[in-house]
Amino acid sequence: SEDVLSKDAGECAICLEELQQGDTIARLPCLCIYHKGQVFLGMHIRFQKVTFIGCIDEWFEVNRSCPEHPSD
């Protein structure tokens, strides 16, 4: 399910960025949480490039299980 994180929750196991209060997250049935939607990862000034990723969205394009509980 999709939710907004109410407090900081450590590191996202997919992108390794911090899960911070206010981030949009996906909470899986195993209760693991990951970034959902677009997460700002950085901007490269020289190439005028902004990088976003939707961690769990991209994960589920090629996988069918939780990254931390693949046998569930």
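This report walks through a few residues of the structure above, with their charges, contacts and backbone angles.

## Before we start

This is a predicted model, so local features need pLDDT of at least 70 and side-chain atom pairs count only at pLDDT 80 or more, while totals for chains, interfaces and linings use all residues. Residues are numbered from 1 along each chain as its sequence is written, and side-chain values use heavy atoms, with hydrogens and water left out.

A few terms come up throughout. Helices (H or I, at least four residues) and strands (E, at least two) are DSSP runs, numbered from the N terminus. A residue is buried under 20% relative accessible area, exposed over 50%, and partly exposed in between (1.4 Å probe, protein chains only).

## Two salt bridges

A salt bridge here is a side-chain nitrogen of Lys or Arg within 4 Å of a carboxyl oxygen of Asp or Glu. By that rule, the count is two.

Take Arg27 and Asp3: their closest N and O atoms are 3.6 Å apart. Arg27 sits in strand β2 and Asp3 in strand β1, 24 residues apart, so this pair links distant parts of the chain. Arg27 is partly exposed at 31%, and Asp3 is partly exposed too, at 34%.

Then there's Lys36 with Asp57, at 2.7 Å from N to O. Lys36 lies in the loop between β3 (33-35) and β4 (39-44) and Asp57 in helix α1 (residues 55-62), so the bridge ties together parts 21 residues apart in sequence. Lys36 counts as partly exposed, at 24% relative accessibility, and so does Asp57, at 29%.

## A buried alanine

Have a look at Ala26 in strand β2 (residues 24-27). Is Ala26 buried or exposed? With a relative accessible area of 9%, Ala26 is buried. Asp57 turns up again here: the C-alpha atoms of Ala26 and Asp57 are separated by 9.0 Å, although the two residues are 31 apart along the chain.

## Leucines with positive phi

Leu16 isn't a glycine, yet it has a positive phi of about 70 degrees. You'll find Leu16 in the loop between β1 and β2, and Leu16 is exposed, with a relative accessible area of 53%.

Leu31 isn't a glycine either, and its phi is positive at about 80 degrees. Leu31 belongs to the loop between β2 and β3. With a relative accessible area of 63%, Leu31 is exposed.
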